[in-house]
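Subject: Structure handover

Hello,

Here is the structure you are taking over. Please open it before reading on; my notes follow below.

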Amino acid sequence: MNRGEVVLYDWAYTDGLGSKLRPAVVVQADFLLGILDDTILVQITTTRHGIPGTEVEIDPAVETSSGLLHVSYAFCPNIMTVDPAFIDSTIGVLSDAAMRQIEGCLKAVLSIP
């Protein structure tokens with residue numbers, strides 16, 4: 001898995017009572033491939049939460065290689081490390097510009113200067 005790839009992952013609900021196959025974006029640095037056993041993902045959802053600094057809009061008309069079908073949001077508070085064996089598939093890739101926005105969003109939600 002490379003940084004910026006959009007993948008499908010069976011994301012568990014926080015109440016533990018189910019899950020949903022949904023897109024996510026790989027956010028770890030590429031140099032960690034083969035070093036870490038897990039892959040770090042940020043959830044992508046079609047729900048806009050409207051909390052300033054926590055989400056990045058991804059418009060498939062702009063991000064044509066994303067593999068997404070609808071305007072979606074990388075929701076940076078929803079971060080997960082997962083075993084790559086449980087990732088269903090790769091559907092696309094985000095641009096460097098989109099990844100820079102997600103990086104800024106992650107810094108904001110994690111209070112990293």
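Which residue in the hairpin of β1 and β2 takes a positive phi? In this predicted model, that residue is G16, with a phi near 75 degrees. The hairpin has six residues between its strands.

Strand β1 covers residues 5-12 and strand β2 covers residues 19-26. The two run antiparallel and are joined by seven bridges.

E5 has V93 as its bridge partner in β6.

How many of the eight residues of β1 are buried? Six are, counting a residue as buried when its relative accessible area is under 20%. β1 is therefore largely enclosed by the rest of the structure.

The other item is the largest pocket. Its volume is about 250 Å³, and 15 residues line it. Lying nearest its centre are R22, P23, I44, T46 and S72.

β3 (39-45), like β2, supplies at least two. By type, the lining residues divide into seven nonpolar, six polar and two charged.

Regards

Terms used. Residues numbered from 1 in each chain as written. Predicted model: local features only at pLDDT ≥ 70, side-chain atom pairs only at ≥ 80, totals over all residues. Heavy atoms only, no water. Buried < 20%, exposed > 50% of the residue type's maximum accessible area, 1.4 Å probe, protein only. Helix = DSSP H or I, 4+ residues; strand = E, 2+ residues; numbered from the N terminus. Pairing = 2+ DSSP bridges. 1 Å grid on protein atoms, 1.4 Å probe; cavity = no way out; pocket = protein on both sides within 12 Å on 5 of 7 lines; lining within 4 Å. Points joined across faces, edges and corners; volume = space filled by probe spheres on them. Nonpolar A, V, L, I, M, F, W, Y, C, P; charged D, E, K, R; others polar.
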